[in-house]
Amino acid sequence: MCNFCYNPTTEMRKNLVSVLCVVLTFIAARTSTNHVAAFPMGAGHCDTGKAIANGAHGTSGSGSLANGNYELRILEEIASDAASSWSCPSKKMKPNRKASLYTGTEYTITLSSKDADDGGYFKGFLIRLSGKQGEDHVKEALILGPESASVGQDHPLCIPHPGVAGVTHVNPIDKTTVDVILSFDQPVEALLEVTVVRNNDPMGNNLWYYDSYDIVVSNSSSPSSSKSSKSSKACKGIKMSKGSKSKKSSKSKKSSKSGK
């Protein structure tokens, strides 16, 4: 008998087993009502735009984060000395407004479900930061918050992208909140993009949401050490503006008043 002869029966069996495994995995994913079918261990890419627009969650989505009762808040952290620190009041980030931030300041951005007490949750997310001119130093400006280490990771698929940083989920379990840390060492205009996946709906509704936020970072000196350690005056403040449109409208109002 030839020991090196091709055995079609054995080879066909191996191929049949492989095909059956793939089919069974696909059926299990499609029939589970609580399973996020695509990439349960993280977003499948780090491209700009809606993170799953062409994925298994469908192309339409469910609109803005607010439609899913999610919100994004930003908190300015102030350190008075090596032994103590405190936080300034947080602000809600709005997709149609620019957030004015400062170099040398640490910010905590929190993505959360507003109805967490009533069962609100999300399973997947991608928080992506990019410099609008491809500034490479932006890669160091966004990291996962330490308290979110069990649900997220600094996204490895963002590493090959110049001037891009990202954080994504590590499992498909229900989550109610995730924190990321922003800290800039140079002025820049940046874009923060957030995609949130709640679930795949067996009825065909794609329960995922997306918003983008403009960020403008300016140079700023540290708060004066002479100010009270817990005084709100030490906060540089986070300004939310509507950009050029609001400036034009304010000018027109001033001119109309002067005409009177």
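Author: Cysteine 46 and cysteine 158 are joined by a disulfide, with 1.9 Å from S to S. A disulfide here is a pair of cysteine sulfur atoms within 2.5 Å, and by this rule the count comes to 1. The model is predicted: local features need pLDDT of at least 70, side-chain atom pairs count only at pLDDT 80 or more, and totals for chains, interfaces and linings use all residues. Residues are numbered from 1 along each chain as its sequence is written, and side-chain values use heavy atoms, with hydrogens and water left out.

The torsion about the S-S bond of cysteine 46 and cysteine 158 is about 90 degrees, so the disulfide is right-handed. Helices (H or I, at least four residues) and strands (E, at least two) are DSSP runs, numbered from the N terminus; the protein chain has 2 helices and 13 strands.

Cysteine 46 is buried, at a relative accessible area of 1%, and cysteine 158 is buried too, at 2%. Buried means under 20% relative accessible area, exposed over 50%, and partly exposed in between (1.4 Å probe, protein chains only). Of the 260 residues in the protein chain, 37% are buried.

As for confidence, pLDDT (the predictor's confidence in each residue, from 0 to 100) averages 75 over the protein chain, and 62% of the residues score at least 70.
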